Amino acid sequence: MQQYFVKNKIEEKEIVLEEDIAFHVQKVMRMKPQTRIRLVDADKRCYLAEIDYRKNQVFAIILDEIRESSEMNCEITLIMGLIRQEKWDFVLQKCSELGVKRIIPMMSSRNVVKTKEEKIEKKLERWNKITQEACEQCKRFEIAEVSAPIKLNHCDKYKSELNLIAYENAESISEDIRTLLNYNCKSVTFIIGPEGGFSEEEVMLCESMGYKRCSLGKRILRAETAAMYCCAVVNALVE
Ligand code: SAM
């Protein structure tokens with residue numbers, strides 16, 4: 001069953017679908033009348049609805065509210081060194097499926113990818129479209145947010161209950177992610193380095209902001225793998 005995020009609150013028994021959704025329903029999916037869809041509104045409430053075509057508009061008749069939320073009961077903030085586009089897009093899609101709340105690209109000393117200020121607006125639009133499509137596909141009630149890139153020394157603004165920096169040179173025993181994550185953790189921020197990783201000084205800077213260094217195991221993971229690993233561990237441990 002197809003799901004769509006609508007911009008406004010659903011307060012009526014039927015609504016006219018927004019143009020882009022109506023186009024997808026009618027021209028792309030070629031849905032027949034009475035086809036059922038899920039709609040998530042601006043209040044993050046999910047509804048079962050059925051399609052109805054009248055004149056040149058596509059209506060959704062609201063049938064019922066779907067209360068069983070698929071959102072994580074632990075908010076994940078992923079601060080991630082900006083990596084090459086195709087891998088970055090992959091991280092956005094997969095971590096959205098894995099329940100991430102927000103993804104914040106980060107620029108540090110060893111980023112391979114540099115972003116131009118004037119291109120950020122366009123990139124943000126594309127990045128948020130990727131997360132919206134991924135969140136529609138996996139039936140989430142929220143869209144994972146992607147914000148503009150930050151510098152490493154601004155990570156203190158995005159702290160959670162638990163704050164970890166994944167460091168490839170961390171001691172894999174004492175700073176293992178399982179010992180750091182606890183089952184009733186309500187929110188966690190992970191900092192993941194770019195392709196070039198972190199310098200010891202950068203890790204110490206993050207520690208001075210209250211982040212703990214943590215190991216993701218004995219193998220050196222690609223940045224995109226590390227991001228998915230962190231989200232998957234929270235899913236497994238906390239969900
Ligand atoms: N430059 C590093 C090297 O070659 O040793 C690799 C960096 S890795 C590609 C990118 C990021 O993934 C790291 O900065 C870290 O945040 C995370 N990462 C990868 N493997 C990890 C591990 N075993 N433990 C902790 N973090 C890891």
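Student: Which residues is Arg45 in contact with, leaving aside its neighbours within four places in sequence?

Tutor: This is a predicted model, so read each contact as part of a prediction. Contact here means heavy atoms within 4.5 Å. With its neighbours within four places in sequence left aside, Arg45 is in contact with Leu39, Val40, Glu65 and Arg67.

Student: Where does Arg45 lie?

Tutor: Look in the loop between strand E3 (36-40) and strand E4 (46-54). Then turn to Lys9. Arg45 and Lys9 are 36 residues apart in sequence. Their C-alpha atoms are 8.4 Å apart in space.

Student: Is Arg45 buried, exposed or partly exposed?

Tutor: Check the relative accessible area. Under 20% is buried, over 50% is exposed, and partly exposed is in between. Arg45 has 36%, so Arg45 is partly exposed.

Student: Let me try a residue in a strand. Where is the place of Tyr4, and what does Tyr4 touch?

Tutor: Tyr4 sits in strand E1 (residues 3-5). Residues up to four places away in sequence are not counted. Among those Tyr4 touches are Ile21, His24, Val25, Met29 and Met31. The list also includes Ile37, Arg38, Leu39, Val40 and Glu136. Take Arg38. Tyr4 and Arg38 are 34 residues apart in sequence, yet 6.4 Å apart in space, C-alpha to C-alpha.

Student: Is Tyr4 buried or exposed?

Tutor: Tyr4 has a relative accessible area of 3%, so Tyr4 is buried.

Student: How do I read the chain as a whole?

Tutor: Begin with the elements. The protein chain has 6 helices and 12 strands. Next, the extent. Its C-alpha atoms fill a box of roughly 65 × 40 × 30 Å along the principal axes. Then burial. Of the 239 residues, 49% are buried. Last, contacts along the sequence. Take the contacts with a separation of 6 or more: residues 24 or more positions apart account for 73% of them.

Student: Into which domains is the protein chain divided?

Tutor: Domain 1 covers 3-66 and domain 2 covers 75-238. Their C-alpha centres lie 33 Å apart. The contact takes 8 residues from domain 1 and 9 residues from domain 2.

Student: How is the size of an interface often given?

Tutor: The size is often given as the accessible area lost when the parts come together. In this case, domain 1 and domain 2 bury about 780 Å² between them. Of that, 61% is on carbon and sulfur atoms. In domain 1, Gln3, Phe5 and Lys44 lose the most area to domain 2. Together they give 72% of what that side buries.

Student: Now a helix pair. At what angle do helix H2 and helix H6 pack?

Tutor: Helix H2 (residues 85-97) and helix H6 (residues 223-238) pack at an angle of about 10 degrees. Their axes are 9 Å apart. Angles under 35 degrees count as roughly parallel. So H2 is roughly parallel to H6.

Student: Which residues in H2 and H6 meet?

Tutor: From H2 come Lys87, Phe90, Val91, Lys94 and Cys95. They meet Glu224, Ala227, Met228 and Cys231 in H6. The residues of this contact divide into 6 nonpolar, no polar and 3 charged.

Student: What about the loop between H2 and strand E7 (102-107)?

Tutor: Gly99 has its place there. At 9% relative accessibility, Gly99 counts as buried. Gly99 touches Met72 and Arg140, not counting residues up to four places away in sequence. Gly99 and Ile143 are 44 residues apart along the chain, and their C-alpha atoms are separated by 9.3 Å.

Student: Is Ser199 buried or exposed?

Tutor: Ser199 is buried, with a relative accessible area of 11%. Find Ser199 in the loop between strand E11 (187-192) and helix H5 (200-208). Ser199 touches Arg110 and Tyr167, with residues up to four places away in sequence not counted.

Key: Residues numbered from 1 in each chain as written. Predicted model: local features only at pLDDT ≥ 70, side-chain atom pairs only at ≥ 80, totals over all residues. Heavy atoms only, no water. Axes fitted to C-alpha atoms, helices over the stretch in contact; angles between N-to-C directions. Helix = DSSP H or I, 4+ residues; strand = E, 2+ residues; numbered from the N terminus. Parallel < 35°, antiparallel > 145°, perpendicular 65-115°, else oblique. Nonpolar A, V, L, I, M, F, W, Y, C, P; charged D, E, K, R; others polar. Buried < 20%, exposed > 50% of the residue type's maximum accessible area, 1.4 Å probe, protein only. Domains from an automatic or database assignment. Buried area = accessible area lost by both parts, 1.4 Å probe.
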